[in-house]
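Thanks for coming, everyone. I'll walk you through one structure, a stop at a time. Here it is on the screen.

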Amino acid sequence: MIRLSIPLRQALARLSLPVLIAVAFGTMLLGKADALLVERARMALADALSPVWTAAQQPVTAVRRAIAEGEALMKLRAENARLVEENERLHRWQAAALALEAENTLLRRQLAWIPDPAPQFRTARVVADAGGTYARAVLLAAGPQHNIRKGQIALDERGFAGRVTEVGARSARVLLATDINSRVPVTLEGSRARAIMVGNNQARPRLQHWPEGSLPREGERVVTSAEAGAFPAGLPVGVVRWTESGAAEVELFAQLDRLDVLRLFDFGLAGILPPEAVARPEPRGRR
Amino acid sequence: MASTPGPKGRPEPPMGLMRRLDAALRAAFPAVFAAALMVLGATPVGVPGLMMAAALPCVFFWSIFRPAAMPAPVVFVLGLLLDLLSFTPMGIGVLTLLLVHGVAFRAREVLARTSFLLGWLAFCVVAAGAAVLGWVLQALLGWQWPAPMPGLHMFGVAVGLYPGLAWILTRAHMAMRRAEGAAP
């Protein structure tokens, strides 16, 4: 241990705060200037901590499951009635879907239609919130030999959740559709009009830039659009909801506040990825 | 460490491995506890800003009651950890925590002697300042106006966490003091 005289030590202690505050501003500049270095540091840290988070996840999941169980027990009767009603409705839809499927197969056969390849997907567990105060993102734990890539699309069991933005050795970060930096090209299913779904850190992202004359209708289904080559067409996103102040929002199908497991789809789309992610020559096996 | 005998009483025994380990653990506890709390705060429980809200009371408390264990370099490292963990623009957590540390450290003579309620009130003011600072920095670094709600939310969670955390940390502080008093 280096021995310093007491006045020198006191002077150093008094100086350390201003110097460190200056270094903090330097960190800000560094974060702006060298985003790649910061990203590497973040993913290295996330990789190191992902086992800890996976372990910490267990009690959280247990508590959440217990609460859900309790809620379900409380309203068992009402839930049952709702399910019976929904089951009837779904039976009717199933009949319609089967008829449509048969018709579709028939038509495809006549048109010599080349079907889209079935997309590859893998499932990963959500272990941490990677958004901080002003962002909406989650961290996924993946095995050491995962093949998760930037730009892959994350869906929960109901619909579109977000996109992979950072990939580490055993973890990946998914920017959720509600994040303020999220822009998703979508199609309004009724009018086939294109629009952009813009995140605003609230539960429901907004709809913007729809063509004049095709106003989104309340309750209209919103699906992804293949425009810009970032998403495949037709992934379920949500339904249109108008607010009282007259803004069109999307109520997402995905339950982003209680994500447990996400499915990551590889559609082989490079889309609007940053240049350094696309320039990397990666053979993408498409079958 | 020199083991010179005191002017009176029994001579100080030489610093054994266990005692050295004990002292090191005691010195490291505040920072390690804060870091562990931040890592656990990242578990997805649906509360945005939980990490910052967990870090603020720790830095505030230790800067007042045990500034030797929470010096500015340690606060800097905690802030860096916060920024890296929460994927926010770099520097926001570092600057916020350093300023909180600076304010608490300057006012520690007064704050250490006030009642718990006044301390909590002072923490409310500091946390509000931290929330506003975080919001402004986010606006500057992200170059767009963030919604004010998450900041308010973070403030609320921090203020709500403070009594519980302060209770635990006070117990730890007392225990450490007793241990230091018992050591010759």
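Let's start at one residue, A:R192. With 9 C-beta neighbours inside 10 Å, A:R192 counts as exposed. Keep in mind that this is a predicted model. Where does A:R192 sit? Find the loop of chain A between β6, residues 183-188, and β7, residues 194-198. The backbone there deserves a look too. A:R192 is not a glycine, yet its phi is positive, near 55°.

Now a second residue with a positive phi. A:N201 is not a glycine either, and its phi is about 65°. A:N201 lies in the loop that links β7 to β8, residues 206-208, of chain A.

Staying in chain A, go to A:M43. This residue belongs to helix α2 of chain A. A:M43 has 22 other C-beta atoms within 10 Å, so it is buried. Which residues does A:M43 touch, once neighbours within four places in sequence are set aside? They are A:E166, A:V167, A:G168 and A:S171. Take A:G168 from that list. Along the chain, A:M43 and A:G168 are 125 residues apart.

Let's step back to the domains of chain A. Domain 1 covers 6-33, domain 2 covers 50-111 and domain 3 covers 183-253. How far apart are the C-alpha centres of domain 1 and domain 3 of chain A? The answer is 47 Å.

Next, the place where the two chains meet. Chain A puts 40 residues into the contact, and chain B puts in 35 residues. On the chain A side, the elements that give two or more residues are α1 (6-33), α2 (35-74), β1 (120-129) and β2 (137-141). Which of these gives the most? That is α1(A), with 11 residues. By class, the side of chain A that touches chain B has 25 nonpolar, 10 polar and five charged residues.

On to chain B. What is chain B built from? Seven helices and zero strands. From the N terminus on, the order of elements reads α-α-α-α-α-α-α. The C-alpha atoms of chain B fill a box of roughly 65 × 35 × 30 Å along the principal axes. Chain B has 184 residues, and 42% of them count as buried. Now take the contacts in chain B between residues at least 6 apart in sequence. Of those, 65% join residues at least 24 apart.

The crossing of α2(B) past α7(B) is right-handed. From α2(B), the residues in contact include B:L50, B:M52, B:F61 and B:F65. From α7(B), they include B:M154, B:L161, B:L169 and B:H173. What classes do the residues of this contact fall into? There are 17 nonpolar, one polar and no charged.

On α6(B), the residues in contact include B:W120, B:F123, B:G134 and B:W135. On α7(B), they include B:G151, B:M154, B:F155 and B:P163. The residues of this contact divide into 14 nonpolar, two polar and no charged.

B:V132 is found in helix α6 of chain B. Buried, exposed or in between? B:V132 has 14 other C-beta atoms within 10 Å, so it is partly exposed. Compare its place with that of B:C58, 74 residues away along the chain. The C-alpha atoms of B:V132 and B:C58 are separated by 19 Å.

That's the tour. Over to you.

Definitions and conventions. Residues are numbered from 1 along each chain as its sequence is written. Chains are lettered from A and ligands numbered from 1 in the order in which they are written. This is a predicted model: local features need pLDDT of at least 70, side-chain atom pairs count only at pLDDT 80 or more; totals for chains, interfaces and linings use all residues. A crossing is left-handed if the near helix is turned anticlockwise from the far one by less than a right angle, and right-handed if clockwise. Helices (H or I, at least four residues) and strands (E, at least two) are DSSP runs, numbered from the N terminus. Two residues are in contact if their C-beta atoms, placed from the backbone, lie within 7 Å. Ala, Val, Leu, Ile, Met, Phe, Trp, Tyr, Cys and Pro count as nonpolar, Asp, Glu, Lys and Arg as charged, and the others, Gly among them, as polar. Domain bounds come from an automatic or database domain assignment. A residue is buried if 20 or more other C-beta atoms lie within 10 Å of its own, exposed if 12 or fewer, and partly exposed in between; C-beta atoms are placed from the backbone.
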